[in-house]
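Hello,

Here is the structure I promised to pass on. My notes follow below it.

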Amino acid sequence: MAPAAEPGPPTPEPPSPATAPPPSLEARLQQRLSQPLDAGLQQELARLLHLRVAGASVLEPAALENLQVALHALLADEPNLHLARDLRRRLESRLADRLHPLRLGAILRTDSPSIQVMLGLMGALVLIVALGLAGELLRSRMEGFKLFGHIDFHLMLASLLTGKLGAVTSLLVRIRGFEQPDTAAPASRVMQGFSRPLVGAAFAVFGLLVFKSQLLPIKLPTGTPMEEYSFFLAMSFMLGFSERLGQDMAAQLEARLDSGGKDVHTSPPSPVSSGSGEPAKS
């Protein structure tokens, strides 16, 4: 009996035909220009080509990719004119923002956290100016008016504005820190810039009431009225500049009010210093 024949080597499969690469954008452009184009398509193509040159070194890679998509949509066998026009308008706006970053539209659409905080801050400054003008108008018409019959209105207004000034200064000092990467929404940063001066003003007014009522044993100046006035403004600025200072003052007052019904005017174990280096007296 003859031995079975050994199987031979496998027959190689015929090579598949190489897939032709898609034509380049330039090739498609030349092919498309060899055909008649309507006026609307020509105009849109001219704008896209101009945008391609103007934004080559200005737009970010993602925007340039969108520009390529718009050109391919326009050069297709069935041009998608609406898609190309919408992408082109968005890219033109993006390019204008890059070339003119101080335009109002560019500022409102900015991605910079610092500028977003400054937008909120400018809104708060508008309120500060309006409040200051209204206060001066009231002061000129009601000379000697005392809020609640006891507190000088001009001192209250000056403390409020000085507290806002301290908060604005604090934000400007820390403005570079907002450029650190975070996940906060743009609206959150705008509200942070808007609300920070309002918090500073509230702490300044709170501090003025605490100083006047002597709820905390803080040594007040006993010299001329100018010294007392300057002290209140300086403390208002510090309370606006440092949120922690206002929170500490509120926490100390809360602790005294919760201290088992004791008189709030009794001295606590650790008195608050007025900043002169001397311990405050009760």
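This is a predicted model: local features need pLDDT of at least 70, side-chain atom pairs count only at pLDDT 80 or more; totals for chains, interfaces and linings use all residues.

Which residues does Leu 45 touch, not counting residues up to four places away in sequence? Leu 45 touches Leu 29, Leu 33, Leu 37, Leu 71, Leu 74 and Leu 75.

**Cores.** The largest nonpolar core has 18 residues, and Leu 45, Leu 48 and Leu 74 touch the most other members. Helices H1, H2, H3 and H4 each supply at least two residues of this core. The largest share, 6 residues, comes from H3. Another core, of 17 residues, lies apart from it; Phe 211, Leu 216, Met 235 and Leu 239 are among them.

**Salt bridges.** The count comes to 7. Glu 60 pairs with Arg 94, with the closest N and O atoms 3.0 Å apart. Glu 60 lies in the loop between H2 and H3 and Arg 94 in H4, so this pair ties together parts 34 residues apart in sequence. Glu 60 is partly exposed at 22% relative accessible area, and Arg 94 is partly exposed at 26%.

Arg 88 and Glu 92 also form a salt bridge, at 3.2 Å, N to O. Both lie in H4, 4 residues apart, about one turn of the helix. Arg 88 is buried at 4%, whereas Glu 92 is partly exposed at 32%.

**Helix H10.** This helix covers residues 243–257. Gly 246, Met 249, Leu 253 and Arg 256 are buried in H10. Down the axis, its buried residues fall within an arc of 90 degrees, so they line one face.

Best wishes

Methods:
Residues are numbered from 1 along each chain as its sequence is written. Side-chain values use heavy atoms; hydrogens and water are left out. The expected span of a helix is 1.5 Å times one less than its number of residues. Buried means under 20% relative accessible area, exposed over 50%, partly exposed in between (1.4 Å probe, protein chains only). The arc is that of the directions from the helix axis to the C-beta atoms. A nonpolar core is a set of buried Ala, Val, Leu, Ile, Met, Phe, Trp, Tyr and Cys residues joined through side-chain atoms within 4.5 Å. Contact means heavy atoms within 4.5 Å. A salt bridge is a side-chain nitrogen of Lys or Arg within 4 Å of a carboxyl oxygen of Asp or Glu.
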